[in-house]
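Hello,

Here is the structure I promised to pass on to you. Please open it first, and then read my notes below.

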Amino acid sequence: MYKIVTAEKFLWEGINLEGKVVLEGGTSWGNTTRLIAKKVVENSWNTELISVDIDDSHFDEIEEDMREAFTKLTLRKGDLGDLYFVPSDSIDVIICNYTLSSVEQFPLRVVKALKELHRVLKKGGKLLITEEMPIWSVDTSDYPYWSKRLRIIKSISVLKAMTVFSEIHPNDLQEVLKLLDFKDIHWKEFQEKINAEMAVKFLDKRKQTLIKGANDLENKHLTDGFVELTENLVKEFEKTKEFLAPAYILKAIK
Ligand SMILES: C[S@@+](CC[C@H](N)C(=O)[O-])C[C@H]1O[C@@H](n2cnc3c(N)ncnc32)[C@H](O)[C@@H]1O
């Protein structure tokens with residue numbers, strides 16, 4: 001497997017958004033939305049961007065931030081598995097960064113979403129996906145922080161009967177994309193730098209989930225044990241600024 005460090009370079013290689021309509025899947029806090037807008041402004045491209053998320057809780061903040069710099073932005077609340085508001089063959093480029101493993105919290109929903117992405121893309125349109133590399137497929141000693149964090153978060157989700165993020169291996173994604181008639185599919189692995197402060201915030205949220213209704217597991221040792229694991233990892237994170245996580249970028253064409 002070929003590891004690249006300059007993921008950003010690979011992602012944008014050969015991409016010119018002049019006169020194009022771009023669909024972003026999974027707006028979230030708007031990190032990628034802002035990145036696309038920055039590229040468009042830097043290159044003076046005339047680009048329309050539609051960003052879709054099932055959860056619109058960050059929309060106001062993103063709109064407020066970007067109103068001046070980037071006007072052709074539409075934030076739309078919706079399910080990537082049902083893009084009824086996007087006409088078929090209307091999108092030039094689709095970018096989904098770290099979204100598909102969230103969609104796949106409900107098994108097979110990602111297939112529905114990818115089918116919709118194929119429908120809305122123009123013939124020859126590009127699909128760009130960035131995702132976490134499943135931890136079970138890598139040597140976890142390469143990624144000690146990432147591996148521990150993932151295990152703790154997933155274990156707490158299971159204990160509290162919450163949905164669990166499902167990382168998707170790029171080979172499996174490639175097979176599904178082939179079935180859906182995407183062409184020229186290829187991917188590369190790289191290492192993502194994760195900000196430790198952000199990782200602490202996320203862990204802390206999971207700890208609160210665990211503590212809320214502390215007795216619902218009816219085993220204080222179990223709850224206390226996971227709280228302790230979470231707190232120990234937060235202490236480790238506090239000693240570092242950032243750590244590495246395994247990720248990949250996959251590209252395909254309709
Ligand atoms: C990890 S965040 C995406 C991060 C963002 N793309 C970025 O680059 O910073 C995953 C997002 O996917 C959204 N999501 C999950 N399932 C979805 C679905 N079926 N349709 C649309 N958005 C979905 C979640 O609400 C969440 O905001």
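A charge is said to sit over a ring if NZ of Lys or CZ of Arg is within 6 Å of the ring centre and within 35 degrees of the ring normal. Arg76 does this with Phe85: its charged end is over the ring, 4.2 Å from the centre. Lys251 likewise lies over the face of Phe10, at 4.4 Å from the ring centre.

Before you go further, please note that this is a predicted model, in which local features need pLDDT of at least 70 and side-chain atom pairs count only at pLDDT 80 or more, while totals for chains, interfaces and linings use all residues. Residues are numbered from 1 along each chain as its sequence is written, and side-chain values use heavy atoms, with hydrogens and water left out.

**Aromatic pairs**

Rings of Phe, Tyr and Trp (its six-membered ring) pair if their centres lie within 6.5 Å; planes under 30 degrees apart count as stacked, over 60 as edge-to-face and the rest as tilted. The count by this rule is 5 aromatic pairs. One of them is the tilted pair of Tyr145 and Phe243, with 5.6 Å from centre to centre and 45 degrees between the planes. This pair links distant parts of the chain, as Tyr145 is in helix H6 (residues 144–159) and Phe243 is in strand S8 (residues 242–253), 98 residues apart. Helices (H or I, at least four residues) and strands (E, at least two) are DSSP runs, numbered from the N terminus.

How accessible are the two partners? For accessibility, buried means under 20% relative accessible area, exposed over 50%, and partly exposed in between (1.4 Å probe, protein chains only). Tyr145 is partly exposed, at 24%, whereas Phe243 is buried, at 5%.

Trp187 and Tyr248 make an edge-to-face pair, because their ring centres are 6.1 Å apart and their planes are at 65 degrees. Trp187 lies in strand S7 (residues 183–195) and Tyr248 in strand S8, so this pair ties together parts that are 61 residues apart in sequence. Both Trp187 and Tyr248 are buried. You will also find a cluster in which ring pairs link Tyr145, Phe237 and Phe243.

**Helices H8 and H9**

Helix H8 (residues 196–211) packs with helix H9 (residues 220–238) at an angle of about 170 degrees, their axes being 10 Å apart. Axes here are lines fitted to C-alpha atoms, for helices over the stretch in contact, and angles run from 0 to 180 degrees between N-to-C directions. Angles under 35 degrees count as roughly parallel, over 145 as roughly antiparallel, 65 to 115 as roughly perpendicular and the rest as oblique; H8 and H9 are therefore roughly antiparallel to each other.

On the H8 side, the contact (heavy atoms within 4.5 Å) is made by residues including Ala199, Val200, Leu203 and Lys207. H9 contributes, among them, Phe226, Val227, Thr230 and Phe237. By class, the contact of H8 with H9 has 11 nonpolar, 2 polar and 2 charged residues, where Ala, Val, Leu, Ile, Met, Phe, Trp, Tyr, Cys and Pro count as nonpolar, Asp, Glu, Lys and Arg as charged, and the others, Gly among them, as polar.

Thr230, in helix H9, is worth a look. Thr230 counts as buried, at 1% relative accessibility. Leaving aside its neighbours within four places in sequence, Thr230 is in contact with Ile152, Ile156, Leu203 and Lys207.

In helix H8 you will also find Thr209. Apart from neighbours within four places in sequence, Thr209 is in contact with Lys160 and Met162.

**Gln174**

Gln174 is found in helix H7 (residues 170–179) and is buried, with a relative accessible area of 17%. Not counting residues up to four places away in sequence, Gln174 touches Ile185, Trp187 and Leu250. Between Gln174 and Lys251 there are 9.4 Å in space, C-alpha to C-alpha, and the two are 77 residues apart in sequence.

**Positive phi**

Which loop holds Asp89? Asp89 is in the loop between strand S4 (73–77) and strand S5 (91–97). Asp89 has a positive phi of about 50 degrees although it is not a glycine, and is partly exposed, with a relative accessible area of 45%.

Tyr98, in the loop between S5 and helix H4 (100–103), also has a positive phi, near 55 degrees, in a residue other than glycine. Tyr98 is partly exposed, at 29% relative accessible area.

Best wishes
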